[in-house]
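Open the model in your viewer and keep the selection tool at hand. The stops below say what to pick and what you will find there.

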Amino acid sequence: MSFPFLLEIGAEEIPDWMIVPALNQLQDNFQSLLDQHSLGGKVIAADATPRRLVIKCNGLLERQPDTEELVSGPPKSAGPGAAAGFAKKQGATLDQLITQTTPKGEYYFLTKRTQGQPTADILARELPHLILKIAWPKTMVWNGKGTERFIRPVRWLVASFFQNTIPFRIADVESSHFTSGHRILGHARIPVTIDNFDQQLLANGVILSAETRRLKIETEVTTLLEGKNLRVKPDPDLLHTLTYITEFPTPILGSFDPQYLELPSEILTTVMRHHQKYFSVEDAAGNLAPNFIAVMNTNADPDGLVRHGNERVLRARFNDARFFWAQDQKKKLEDRVDDLKNVTFQAKVGSYYDKTQRVSQLVTQLGGNPRAALLAKTDLTTDMVKEFTDLQGVVGGLYAKAQDEPEPVWRAIYDHYKPLSMDGEIPSTAEGKLLSLADKWDTLVSCFAAGLAPTGSKDPFALRRAAQGVVRIIVEGKITFTFPGTTPELSEFMRDRTEYYFRDVRGFSYDEVRACMAAGWQDLLDLEGRLKRVQAIRPTPDFEPIAASFKRIKNILKQASFYNAGPLDTALLEDGPERDLYHQIRRTQGEPLESRIGPLRPKIDLFFDKVLVNAPDTKVRLNRLTLLQNLLTEFSTIADFSEIVTER
Amino acid sequence: MTTASPTFQDTVFALKKYWSDRGCIITEPYDVEVGAGTMAPETFLRVLGPEPYRVAYVQPSRRPADGRYGENPNRLYKHQQLQVILKPSPADVIDQYLGSLAAIGIDLSKHDIKFEEDNWEAPTLGAWGIGWQVMLDGLEITQFTYFQQCGGFDLDLVPAELTYGLERLCAFLQNVDSVYDIEWTRGVSGQPAVKYSQVRFQDELQFSKYNFELADVPMLWQLFDLHEKECNRLLAMMAPVVLPAYDQVLKCSHIFNLLDSRGAISVTERVGVIARVRKLALGVAKAWMKSNSPVEVVDEVVA
């Protein structure tokens, strides 16, 4: 016989973005608990709303299987006294012992049987730990100092094993078979069984399945817009948030006065998305429509009060934005440069004014647009950016445009925080690329100089992201950049980021990246070129054998502690494989690697087959080492091939 | 606007009554300038220590830099918060809170209510908590916080703090777009209704002018130094008088805000001045904990 199990942790509203990771942990930890205690069973479902984490299992045994273990006792030669002592210690009697012959002689043994514990007992003991063990980004106490910590107060617990409740408690909450419904649509104390759990929740205004909630939002949004020639602007992150901030999501369509469309769509969209969690709506041509979609956490808006309320809030927000826009235009960006003296970039590094000076200088050196650099940070002093911080840069760009700055200037400002993420786009114009690059590089140089390098997983100034941006702009924007003002520490940091970029973002295999970077990495464009070449010749049949030979050469040189090759004495070369190898190298000098490898491979193989590098004559030996050293050096300008992982 | 919607003062009365019925002491606003209801001693000091406490009060909250000369319909130099402290927080605290919304005429079956993550932190007070902003039809109407630490101390009991933004809430209830159009009172016996603007507009106008343009910066610096000195003097005494010392902290905090709105605090100074206020606040919290610890109470009884 095997039985189902259901666990529901009822809590006050859990932040949406933490729910899925927590649920995954709970599911994994519970499965390990079952496995570790041999309880049988599998977690078959895990789901959550903001107020509950639920896992369902089936196939649990009623109790652990009994176990048998053979415990070895004293040797038979130790006599019956020792055996009696052993039996007593094990809680057994002398006649329960058996003797067995082992390689060391004849020994006493006891077959110890342990009765399996009831599953219910194990669960009752382990569940509190299991639940409190979930790692959250930030936890709280709710019963006072030193009490249990969880993400939000735990308010009810359902733990049903077949038809019984597994008794346990967390803080002042005891497990039961009562769940709690939607705050408005449901009852607070609903008896449930494993079989009717989902239906009972649904009857009380809770859609347990996140997938169903997501689908409900998507379908109903489509219905709302049907026949209106409008479509929702897709936003998967927002959809995820709304799925996990509701127990019964219902979208509604609202509208706003078209006069607000005079404001840039970036600003309208940001207000709707970040401040109100609304989807934007656009017409067939992709223009922002004077509509929005809000997702309620309830089943209907019978009197239109919710729509009306949301429209009212949005109007106030848009009014604010329009007010900020008008207010901000009273002082041009160019008149705000001095105000940056009062805006801290970083306490140890100085103000944004100082940063502007440095970035302008760097942009000029790089051949970028100094006007864009001068104005880039001035939007930090505007009311609009103080209110909508996500729009830094974008607002500056829009204002510069409104203030008749030339397009290269305003576009560069608009784009200069890009790329915002690993797969976000880089600035579109040359001026934008150089400004973004200079800004990020300055951040890195100045923060490293002030001792603010990231440590471990801590990176409060987002320097990894800045470095990643630098690498991407250089490589994808094809910019020649030599990391001016770098230090050994920063150089190492950039090396790491470069390796990460080519390996994890671009998908080059790790040994190719390591091999090519060993031959120099600071010219990123050159590095990219070499990586592509190595990647292309890697599948050719001669490549891996050659790589293996280079590894061998490197080992030989290392064992001989041979690093400084003098000039090669051709007179000392032995006719045959050695001289052939030499000629092959000479003959193809200057040719691309791709065409040299094929003919070279048999020569190298033959050399190692027939020639004794470790010749008795010191002069000959050193000369041979020199030959190998030259060969290695010549090919190592592309990559250090000894880093390539080969089968041989 | 429907005639059924409660006036500003009706809303205040209803909330006070509601929380009074749930065991709260109802006090009048603290009479020293504060930036938020949290800073009043009824919250800052009372949340410390093991004594249960329940209190509710309206707290006018002055934020000089938020002034808009009465021109912005939603932003005020001085807004009013209804502050509720439930220490320790009861298990049904959210239900009680939802009940308070019903008490001011909000039929939750016709509205959309959400609890969105919003943790609160006030470094100047050495205080932080975990909680939400409560959204009603997309409008933030309440800040809900489980205090975790205050004055640098882990709290013995965890209080729930509910802060209602009264102007927003009333504008919502009365369905007006500007806080200045809120009906403060409807007027009895043929007297005309009184609007929020009639009561408060001049404050906004005049204090915006003062806060942004007129406040005497050197004098403010002097006052800051004086209040700081006085606070330190009180805290240095053998048996410090904590409440007067805390008033000095509030004075310093408000003067700091004024200096800030006058643009008189440079970047480099800013961190330092905040640290000075914080040091005073932590000192007061420590003195309060000492003077209210059970051990000392026992000593007094014995003596």
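**Before you start.** This is a predicted model: local features need pLDDT of at least 70, side-chain atom pairs count only at pLDDT 80 or more, and totals for chains, interfaces and linings use all residues. Residues are numbered from 1 along each chain as its sequence is written, while chains are lettered from A and ligands numbered from 1 in the order in which they are written.

**Stop 1: chain A.** Select chain A. Its secondary structure comes to 22 helices and 18 strands; helices (H or I, at least four residues) and strands (E, at least two) are DSSP runs, numbered from the N terminus. Along the principal axes, the C-alpha atoms fill a box of roughly 105 × 100 × 50 Å. The radius of gyration of chain A is 35 Å, well over the 26 Å that the globule rule gives for 648 residues, so chain A is more spread out than a compact globule. That radius is taken over C-alpha atoms, and the rule is 2.2 Å times the number of residues to the power 0.38. Of the 648 residues of chain A, 38% count as buried. A residue is buried if 20 or more other C-beta atoms lie within 10 Å of its own, exposed if 12 or fewer, and partly exposed in between, with C-beta atoms placed from the backbone.

**Stop 2: the domains of chain A.** Colour chain A by domain; the bounds come from an automatic or database domain assignment. Domain 1 covers 3-63 + 118-203, domain 2 covers 67-114, domain 3 covers 210-329, domain 4 covers 338-522 and domain 5 covers 540-643. Now pick domain 2 and domain 3 of chain A: their C-alpha centres lie 76 Å apart.

**Stop 3: a core, and another.** Select A:I413 and A:A438. These residues have the most contacts inside the largest nonpolar core, which has 144 residues. Such a core is a set of buried Ala, Val, Leu, Ile, Met, Phe, Trp, Tyr and Cys residues joined through C-beta atoms within 7 Å. Helix α15 (residues 463-476) of chain A gives the largest share of this core, eight residues. Apart from this core lies another, of 78 residues, including B:V55, B:F115, B:F144 and B:V158.

Go back to A:I413. Which residues does A:I413 contact, leaving aside its neighbours within four places in sequence? They are A:A372, A:L375, A:A376, A:G393, A:G396, A:G397 and A:A400. Contact here means that the C-beta atoms of two residues, placed from the backbone, lie within 7 Å.

Stop 4: Click A:T364, in helix α9 (residues 352-366) of chain A. A:T364 is partly exposed, with 14 other C-beta atoms within 10 Å. Then click A:D609, in helix α21 (residues 593-610) of chain A. A:D609 is exposed, with 9 other C-beta atoms within 10 Å. Draw a distance from A:D609 to A:E334: C-alpha to C-alpha it is 74 Å, across 275 residues in sequence.

**Stop 5: where the chains meet.** Show both chains. The contact takes 34 residues from chain A and 35 residues from chain B. On chain A, β16 (288-296) and α8 (305-329) each supply at least two residues of the side that touches chain B. The largest share of that side, 10 residues, comes from α8(A).

**Stop 6: chain B.** Chain B has nine helices and 11 strands. Its radius of gyration is 20 Å, close to the 19 Å that the globule rule gives for 303 residues, so chain B is as compact as a globular protein of that length. Of those 303 residues, 44% count as buried. Chain B is divided into domain 1 (8-209) and domain 2 (215-296), and 25 Å separate their C-alpha centres. Their contact takes 21 residues from domain 1 of chain B and 20 residues from domain 2 of chain B.

**Stop 7: helix α3 of chain B.** Select residues 93-103 of chain B, helix α3. Which of its residues are buried? B:V93, B:I94, B:S100 and B:L101 are. Look down the axis: the buried residues of α3(B) fall within an arc of 110°, so they line one face of the helix. The arc is that of the directions from the helix axis to the C-beta atoms. On the other side of α3(B), B:D95 and B:A102 are exposed. Finish on B:G105, which follows α3(B) and has a positive phi, near 95°.
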